Amino acid sequence: MTYRVVHWGTGNVGRHALTGILTDRRLELAGVRVSGADKAGRDAGELAGLDIRTGITATTDTDALLGLRPDCVVYTAMTDNRLTDALEDLRTILAAGINVVASAPVFLQYPWDVLPAELLAPVEQAAAQGGSSLFVNGIDPGFANDLLPMALLGTCQRVDQVRCLEIVDYATYDNAAVMFDIMGFGKPLDETPILLQPGVLTLAWGSVVRQLAAGLGITLDSVTQTVERIPAPQDFDIASGHIRAGTAAGLRFEVCGMVGDRAVTVLEHITRLRADLAPEWPQPARAGGSYRVEVTGEPHYVLDLSSSSDHGDHNHANLVATAMRLVNAIPAVVAAEPGIRTTLDLPLVTGIGRADPPAPSPN
């Protein structure tokens with residue numbers, strides 16, 4: 001079966017998702033939605049960074065694309081600084097009877113008891129109205145803290161705690177809006193960035209700890225958070241810009257799903273802009289970064305996932321992984337029951353067709 005797909009968003013994640021669509025024999029690209037006039041009219045192959053031309057040109061016309069009646073929209077638009085608009089985008093697509101796989105908003109990975117009812121209900125109502133499904137996933141939140149830990153938990157006799165960690169050097173992550181405005185790097189330590197505003201961490205990653213709890217069949221009493229930040233010891237540069245001495249250069253936080261006074265499901269991030277910062281914090285399994293799952297129980301587990309690529313470093317590889325988690329899930333999501341679907345609902349996505357895909361070459 002061939003699935004007709006509209007792709008929405010061609011930024012850091014989106015261009016890799018677009019490549020994934022163009023290299024999947026099961027998928028037919030029907031259209032591309034972009035946000036800026038500078039990309040409108042450009043060929044999908046060019047926007048993906050490939051040396052092919054598809055004849056499909058990008059547009060800013062949402063109605064025209066939805067009028068194509070695709071089976072699925074791959075939604076990778078920036079959402080961190082436009083949550084209201086993003087939720088409205090998803091509602092519009094779902095209400096039109098079109099399925100969606102999306103990299104964000106991340107709280108839709110598992111939104112129940114995380115997202116306020118006034119924001120969640122319109123999305124659920126739109127899916128019911130259109131008879132459509134929505135799957136939001138990636139790498140984190142995503143398979144590094146749902147698919148991987150769930151696989152380990154399914155082999156346990158007893159689980160005392162499951163902890164999912166991202167331990168990553170973000171120096172090569174090239175997105176100034178995310179790095180400076182949202183995460184607060186390069187900003188004074190007494191200035192609170194968007195990510196650390198009250199309730200934001202438990203909104204963004206509360207979905208992780210609550211989905212893990214659902215997988216374990218337990219009810220959380222509360223979700224808590226802790227934060228630690230460290231300053232840059234001197235001036236230095238990263239891909240997104242300049243970091244001045246004394247400004248934020250390292251971030252560590254935990255979001256804990258609590259049963260009584262016990263943390264049972266935990267999401268922890270250790271984010272550095274240089275490998276030598278905060279040596280006392282957990283270290284990655286491989287230079288650059290890794291994702292780690294720690295299970296305390298019977299038996300105990302430590303699982304480290306490190307990524308790399310022939311076309312870039314760990315941050316590049318993680319962007320590709322984020323994109324492909326979505327693209328490869330399209331057939332399962334199209335076949336799913338209407339509503340917000342999670343990793344707990346979908347069958348195992350195994351990468352069908354990826355052993356011998358068409359292979360356009362990157363420019």
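Here are a few notes on one strand and some salt bridges in this predicted model.

1. Let's start with strand E11, which covers residues 248–259. This strand is mostly covered, with 10 of its 12 residues buried.

2. What does E11 pair with? Strand E8 (residues 222–231) runs antiparallel to E11, and the two share 10 bridges. Within that pairing, Val 227 has Phe 253 of E11 as its bridge partner. Strand E12 (residues 262–272) also pairs with E11 in the antiparallel sense, again over 10 bridges. There, Val 255 sits opposite Leu 267 in E12.

3. Now for the charged pairs: the structure has 12 salt bridges. One of them joins the side chains of Asp 24 and Arg 354, at 3.3 Å from N to O. This pair links distant parts of the chain, 330 residues apart: Asp 24 is in the loop between helix H1 (14–22) and strand E2 (27–33), while Arg 354 lies in the segment after strand E15 (339–341). Asp 24 counts as buried because its relative accessibility is 6%, under the 20% cut-off. Arg 354 is partly exposed, at 23%.

4. Glu 46 and Arg 42 form another salt bridge, with their closest N and O atoms 3.1 Å apart. Glu 46 is partly exposed at 32%, and Arg 42 is partly exposed at 29%.

5. Arg 82 and Asp 89 meet at 2.8 Å, N to O, in a salt bridge. Here Arg 82 is partly exposed (25%), whereas Asp 89 is buried (15%). Elsewhere, salt bridges with shared partners tie Arg 163, Arg 252, Glu 254 and Glu 268 into one network.

Key:
Residues are numbered from 1 along each chain as its sequence is written. This is a predicted model: local features need pLDDT of at least 70, side-chain atom pairs count only at pLDDT 80 or more; totals for chains, interfaces and linings use all residues. Side-chain values use heavy atoms; hydrogens and water are left out. Buried means under 20% relative accessible area, exposed over 50%, partly exposed in between (1.4 Å probe, protein chains only). Helices (H or I, at least four residues) and strands (E, at least two) are DSSP runs, numbered from the N terminus. Two strands pair if DSSP finds at least two bridges between them. A salt bridge is a side-chain nitrogen of Lys or Arg within 4 Å of a carboxyl oxygen of Asp or Glu.
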